[in-house]
Amino acid sequence: MASSTSFLLLSVFTLFFCLSACSSEEIENTPLTITLPLTPKFSRKPSTDPRVFLHQLASASKSRVHLLKYGKTKTSPPVKSPLYPMEYGGHTIPLSFGNPPQKLSYLVDTGSVVVWAPCTTHYKCIDCTVSAKYVPIFNPQLSTSLKTLSCKNPMCTTECPRCKANSKNCSQVCNFTLQYGSGSESGYFLLEDLHFPEKTIHNFLVGCTTIGRREGYTDAMAGFGRSTYSLPVRMGVKKFAYCLNSHYFDSSKNSSRLTFDYRDGDTKGLSYTPFLKNPLDSSDYYYLDLKKLILGKKILPIPSKYLAPGSDGSGGLIIDSGFSHGYMAGPVCKIVRNELKKQMYKYRRSRSTEEENGVGPCYNFTGRKIEIPDLIYHFAGNATMVVPGKRYFKFESGTGCFPVDTEDAEDLEFTPGPSFILGNLMQVNQYIEYDLKNERLGFRQQNC
């Protein structure tokens, strides 16, 4: 390419010099037009088959479009994946590990940090709601690209009790145990090939879980949290984004989209607010700087100690795609519920539903027009997320409830920890972008 450019520049200079040096008589005898031959140029010999030739032209056009969009840098184009709502309240993406690829559904969880799958034909699930024989597994014996992670590997944070302290080579695998509320998963780490339609990532860190306890779903887990072990960080992306379909707690084939983006910069139409870090709590969570909470047109009198994480590690808000209803600390939830009751006075309470489900307040909307005040989160950076009432209420058989969990709910103990968890029910029909490079969250309302 460089030699062609040099030849062209030399030709232009020669032509200019000749025109300058020639006499006026010679110029008068020069023709008014110059015709040059234009020859098609292909990087490879074009096919004589018209269909193959058209395919070659299309491929060349795609390459040129990619060059114009992404420039001459080696920035990879975005990787996109379908995102499916599930009956247990989560959303999953399909991921394929190994050679040949083994595809499983992985729960997208921004509140956890490890990618793992139920693994081996000996997988056990103790006190689980689903029998282990119905759990889809990744079978490492079927993969030719599998490597086990040694406990001496820098990526392994567990100890090596069966290895000598100064030993660099150790056959002991890197074991782990992950706690999820009342459940847990135990196993060991692998390095495997992760396949996407657009690319393959080699030596990807993935957990092979052999024992599960008290789990209520059969899907694998894809941790998207703020950690070097999470899926987007291991992929090396600058940001990822999703738009959640409403799940209504039934599995649906209607997918939305999750995007892994290697590009930097603002996304058009998004409001941005910075991520915070809790000084004592785990830095794996995406904390946001909540300034005020509004119900309808009423600014709720929530003490500032609940809005942002304090020096003792308590307070603040995290956004979590793996948490369905969301969570509010007891005193906060009481303020929200009391104001909700005031604004919903014209509807009849369903006390029986409240007692049966342990949430509330609940209302009977049978034959009535449903009008529920918006719940508005106002964040730093003048970023405001409006959650319509019909989105944060849970409806069933003409009855609707405010379903947010609090301390009186079983198995919830977040002290120290966040005062708010913005669950996926409130994220439905919002385009949400996690900008990892610039440490911020962007969002806008959008029909997913």
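Me: What volume does the largest cavity have?

Reply: It comes to about 80 Å³. Before the details, some ground rules: this is a predicted model, where local features need pLDDT of at least 70 and side-chain atom pairs count only at pLDDT 80 or more, while totals for chains, interfaces and linings use all residues. Residues are numbered from 1 along each chain as its sequence is written, and side-chain values use heavy atoms, with hydrogens and water left out.

Now the cavities. A cavity here is a set of points, on a 1 Å grid over the protein atoms alone, where a 1.4 Å probe fits but cannot get out, and lining residues have an atom within 4 Å of a point. Points are joined across faces, edges and corners, and the volume is the space filled by probe spheres set on them. Searching the whole structure turns up four cavities of 30 Å³ or more. The largest cavity is lined by 14 residues, and closest to its centre are Tyr123, Val135, Glu215, Tyr217 and Thr218. Its lining splits into eight nonpolar, three polar and three charged residues. In that scheme Ala, Val, Leu, Ile, Met, Phe, Trp, Tyr, Cys and Pro are nonpolar, Asp, Glu, Lys and Arg are charged, and the others, Gly among them, are polar.

The second largest cavity has about 50 Å³. Around it sit Phe97, Tyr106, Ala117, Cys119, Phe138, Leu190, Val206, Gly207 and Cys208. By class, that's eight nonpolar, one polar and no charged residues. Strand β9 (residues 200-213) supplies the largest share of this lining, three residues; strands are DSSP runs of E, at least two residues, and helices runs of H or I, at least four, both numbered from the N terminus.

How far to trust the coordinates? The chain's mean pLDDT (the predictor's confidence in each residue, from 0 to 100) is 82, and 78% of its residues reach 70 or more.

Key
On a 1 Å grid over the protein atoms alone, a cavity is a set of points where a 1.4 Å probe fits but cannot get out, and a pocket is an open set with protein on both sides within 12 Å along at least five of seven lines; lining residues have an atom within 4 Å of a point.
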